[in-house]
Amino acid sequence: MRNGLVLWDEIALKVSADFPDVKWDKMLVDAMTMRMVNSPKSLDTIVGTNLHMDIISDLAAALAGSIGVAPSSNLDPTRRNPSLFEPVHGSAFDITGKGVANPVATMWSAAEMLAWIGEEDAREKLMVCVEKVCDRGVLTRDLGGSANTKDVTKAVCEEIEKLGGGR
């Protein structure tokens, strides 16, 4: 791992030369977690190894109020290979089938995918609908609400229908 992380740093430095207008820095994961808490507005995009991003994304989810609202995107900037859009939380076998999972991160990840494929209008509409539902208080227990997974999903789908976005 020590050699791999050195290689990671070397490649990041090399790639940064191709993007001189992008300000970047590197930090150890423990320092980054403190920066996320103490100075979150200083961050825009965080790039890291899978191991480190597991730590970072869990903290980001907690800072947002729930792991159930944290989307993620694993992007291939060359677009030669597929990119992956998924909620940060991954599998949660302890709640499978109970209807308590928060679907917001899944919807937000879908919105990120829509933006990635150039569907900005659809992305905006989806996020507006999600925000309206959350603002109305249709929330799962992790956010202090009483709705279940299906309730939140149904409410967002109804908002989409109101916009004429359903089929």
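Which residues in H5 meet Val152, Ala155, Val156, Glu159 and Ile160 in H6? The answer is in the third legend below, after a look at the whole chain.

**Figure 1. The whole protein, with 6 helices and 2 strands.** This is a predicted model, where local features need pLDDT of at least 70, side-chain atom pairs count only at pLDDT 80 or more, and totals for chains, interfaces and linings use all residues. Residues are numbered from 1 along each chain as its sequence is written, and side-chain values use heavy atoms, with hydrogens and water left out. From the N terminus on, the elements run α-α-α-β-β-α-α-α. Helices (H or I, at least four residues) and strands (E, at least two) are DSSP runs, numbered from the N terminus. The C-alpha trace spans about 50 × 35 × 30 Å along its principal axes.

**Figure 2. Helix H2 (residues 29–38) beside helix H3 (residues 50–64).** Their axes come within 10 Å and cross at roughly 15°; axes are lines fitted to C-alpha atoms, for helices over the stretch in contact, and angles run from 0 to 180 degrees between N-to-C directions. H2 and H3 are therefore roughly parallel to each other (under 35 degrees is roughly parallel, over 145 roughly antiparallel, 65 to 115 roughly perpendicular and the rest oblique). Val29, Met32, Thr33, Met36 and Val37 of H2 make the contact with His52, Ile55, Ile56, Leu59, Ala60 and Leu63 of H3, where contact means heavy atoms within 4.5 Å. By class, this contact has 9 nonpolar, 2 polar and no charged residues. Here Ala, Val, Leu, Ile, Met, Phe, Trp, Tyr, Cys and Pro count as nonpolar, Asp, Glu, Lys and Arg as charged, and the others, Gly among them, as polar.

**Figure 3. Helix H5 (residues 120–135) against helix H6 (residues 149–162).** The two pack at an angle of about 125°, with their axes 9 Å apart. That makes H5 oblique to H6. Back to the opening question: the H5 residues are Leu126, Cys129, Val130, Lys132 and Val133. The contact of H5 with H6 has 8 nonpolar, no polar and 2 charged residues.

**Figure 4. Helix H4 (residues 104–116) packed with H5.** The angle is about 160° and the axes lie 7 Å apart. That makes H4 roughly antiparallel to H5. Val104, Met107, Trp108, Ala110, Ala111, Glu112, Leu114 and Ala115 in H4 meet Glu120, Ala122, Arg123, Leu126, Met127, Val130 and Cys134 in H5. Sorted by class, the contact of H4 with H5 has 12 nonpolar, no polar and 3 charged residues.

**Figure 5. The largest cavity and its lining.** The structure holds 1 cavity of 30 Å³ or more. On a 1 Å grid over the protein atoms alone, a cavity is a set of points where a 1.4 Å probe fits but cannot get out, and lining residues have an atom within 4 Å of a point. The volume is about 30 Å³, taken as the space filled by probe spheres set on the points, with grid points joined across faces, edges and corners. Asn102, Val104, Cys134, Val138, Leu139, Thr140, Leu143 and Val152 form the lining. These divide into 6 nonpolar, 2 polar and no charged.

**Figure 6. Arg79 in the loop between strand E1 (71–74) and strand E2 (84–87).** Take a look at the backbone here: phi of Arg79 is near 65°, a positive value in a residue other than glycine. Most residues other than glycine have a negative phi.

How values were computed. 1 Å grid on protein atoms, 1.4 Å probe; cavity = no way out; pocket = protein on both sides within 12 Å on 5 of 7 lines; lining within 4 Å.
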